[in-house]
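Colleague: I am new to this structure and would like to learn how to read it. Could we go through it together, one feature at a time?

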Amino acid sequence: MQMRPLGSSGLLVTPVCLGTMTFGTPVSEADSISLIHAAIDLGINFIDTANVYEGYRRFLGSAGGVAEEIVGKALRDRRDKMIVATKVGAPLGPGPQDRGLSAVHILREVERSLRRLQTDVIDLYIIHWPDKQVPLDVTLEAIDTIVRQGKVRYFGASNHAAWQLCEMLWLADRHARPPVISSQIPFSLLRREFQHDLNFCQQHGIGVTPYQALQGGLLTGKYRRGQAPPADSRAAEKPDWMWKTDEGLFDRLEGIERLAAEAGVSMTRFALSWALTQPAMSSLIVGAKRREQVEDAVAAADVRLASELIQKADAVCPPPWRQPDPIRG
Ligand SMILES: NC(=O)c1ccc[n+]([C@@H]2O[C@H](COP(=O)([O-])OP(=O)(O)OC[C@H]3O[C@@H](n4cnc5c(N)ncnc54)[C@H](OP(=O)(O)O)[C@@H]3O)[C@@H](O)[C@H]2O)c1
């Protein structure tokens with residue numbers, strides 16, 4: 001796999017990053033550790049977790065921590081093999097300080113993440129969701145503090161629009177805070193609402209690390225029109241985690257399947273390699289239940305799609321409309 005820059009950070013990451021949202025359940029601790037070791041053996045150098053992740057058992061306000069603990073155990077004797085990203089901000093309890101992007105919450109949670117991850121430093125610390133209750137500069141000041149303390153190396157954002165990233169860069173410039181270097185957004189052939197933000201990221205040195213490039217498995221070809229989902233699939237085990245379906249979904253999936261056949265690759269590899277052709281892409285965060293799924297993602301990173309097929313994909317799954325920019329196109 002050819003490494004890619006993670007924005008302007010100077011870090012080089014593999015085009016595939018291992019996601020950990022399912023660690024704990026349905027992927028047991030032992031299997032999760034084996035998956036992490038397999039990912040390292042396959043050349044992956046980037047892992048994404050969050051303080052809230054605890055697999056399918058997660059409910060709004062549950063305490064989290066399970067996936068970070070597993071990552072800590074797996075990397076105990078190989079910490080230098082992985083760039084470790086984790087997130088803060090999602091609800092972890094009922095109290096007002098148990099969530100969000102206040103200094104109190106961030107300064108407390110970073111300690112907990114460090115302890116669970118069994119590390120001295122988090123390579124990439126990501127604010128999970130926007131928090132409209134907290135002034136952005138309060139959050140950036142807390143991030144600045146933990147960067148200066150050596151607990152965090154780089155700062156990233158997740159689920160933020162380009163205008164919010166712009167505000168972060170502006171405040172960072174104004175108050176000499178750490179700049180945002182990565183953007184983690186939902187992005188796949190089926191979900192392109194952040195499409196036009198990618199150019200902003202490209203222009204401003206922000207590496208995009210999208211999640212759900214396989215749309216939770218929908219883009220693997222294992223779900224068929226009119227058929228029940230396979231027994232051990234996410235749609236069978238945890239349907240409320242699946243993306244909404246609409247009438248045209250299977251038309252689009254079948255259209256993509258035809259393009260994948262034209263390219264001579266599986267639908268999974270088509271969907272992932274297509275995502276990697278998009279602007280500012282640093283690394284796709286891919287979830288996996290088995291080693292073969294990680295192998296599939298790694299193989300996808302070496303697929304080169306013909307530009308004609310990339311254009312045809314736009315016809316099957318069009319990007320959102322936007323006002324044409326007469327200056328930059
Ligand atoms: N920042 C955020 O708000 C946010 C939100 C969501 C996720 N994330 C991150 O993104 C990561 C990925 O998210 P995700 O797991 O929901 O999405 P995903 O990568 O689109 O889907 C992964 C799931 O698809 C199935 N799959 C993967 N490869 C396959 C293959 N080759 N053949 C057949 N099935 C395959 C597996 O599920 P089954 O085998 O069980 O069907 C796997 O768990 C998470 O782990 C997390 O790190 C971040």
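Modeller: Let us start with pairing, where the general idea is that two strands count as paired if DSSP finds at least two bridges between them. Keep in mind throughout that this is a predicted model. As a case, Val 16 stands opposite Leu 284 in β10, and Cys 17 stands opposite Ile 285 in β10.

Colleague: Over how many bridges do β3 and β10 pair, and in which sense?

Modeller: Strand β3, residues 16-19, pairs with β10 over 3 bridges in the parallel sense. With strand β4, residues 46-48, β3 pairs over 2 bridges, again in the parallel sense, and there Leu 18 stands opposite Ile 47. Between β3 and β4 the chain passes through helix α1, residues 29-41, and this β-α-β crossover is right-handed.

Colleague: Which way do the residues of β3 point, and are they buried or exposed?

Modeller: Val 16 and Leu 18 point one way from β3, while Cys 17 and Gly 19 point the other way, and all of them are buried.

Colleague: In what order do the strands of the sheet lie?

Modeller: The sheet is an open one of 8 strands, which follow the order β9-β8-β7-β6-β5-β4-β3-β10 with parallel pairing. Because β9 (207-208) and β10 stand at the edges and have a single partner strand each, one side of each is left without a neighbour in the sheet.

Colleague: How should I read β7, and how much of this strand is buried?

Modeller: Strand β7, residues 152-158, is mostly covered, since 6 of its 7 residues are buried. On one pairing, 5 bridges join β7 to strand β6 (residues 122-127), and the two run parallel; within that pairing, Gly 156 in β7 is the bridge partner of Ile 126. The chain goes from β6 to β7 by way of helix α4, residues 136-148, in a right-handed β-α-β crossover. β7 also pairs in the parallel sense with strand β8, residues 180-184, over 4 bridges, and in this pairing Ser 158 stands opposite Gln 184. A right-handed β-α-β unit is made by β7, helix α5 (residues 162-175) and β8.

Colleague: Turning to the nonpolar core, which residues of the largest one touch the most other members?

Modeller: The largest nonpolar core has 93 residues, and Ile 256 and Ala 271 are the ones that touch the most other members. Helix α9, residues 267-276, gives the most to this core, with 7 residues. When neighbours within four places in sequence are left aside, Ala 271 is in contact with Ser 188, Leu 189, Ala 213, Leu 214, Leu 219 and Ile 256.

Colleague: How many residues of α9 are buried, and what covers them?

Modeller: Helix α9 is mostly covered, with 10 of its 10 residues buried, among them Arg 269, Phe 270 and Trp 274. The cover over these buried residues includes α8 (249-263), β10, α10 and α11 (307-316).

Colleague: Finally, how many residues surround the ligand, and which are the closest?

Modeller: The ligand is surrounded by 27 residues, of which the closest are Gly 19, Met 21, Tyr 211, Gly 217 and Gly 287. By kind, the shell divides into 7 nonpolar, 15 polar and 5 charged residues. Both β10 (284-286) and α10 (291-300) supply at least two residues each to this shell, and β10 is also the strand that pairs with β3.

How values were computed:
Residues are numbered from 1 along each chain as its sequence is written. This is a predicted model: local features need pLDDT of at least 70, side-chain atom pairs count only at pLDDT 80 or more; totals for chains, interfaces and linings use all residues. A residue is near a molecule or strand if its C-beta atom, placed from the backbone, lies within 6 Å of it. Ala, Val, Leu, Ile, Met, Phe, Trp, Tyr, Cys and Pro count as nonpolar, Asp, Glu, Lys and Arg as charged, and the others, Gly among them, as polar. A residue is buried if 20 or more other C-beta atoms lie within 10 Å of its own, exposed if 12 or fewer, and partly exposed in between; C-beta atoms are placed from the backbone. A crossover is right-handed if, with the strands pointing away from the viewer, the path from the first strand over the helix to the second runs clockwise. A nonpolar core is a set of buried Ala, Val, Leu, Ile, Met, Phe, Trp, Tyr and Cys residues joined through C-beta atoms within 7 Å. Two residues are in contact if their C-beta atoms, placed from the backbone, lie within 7 Å.
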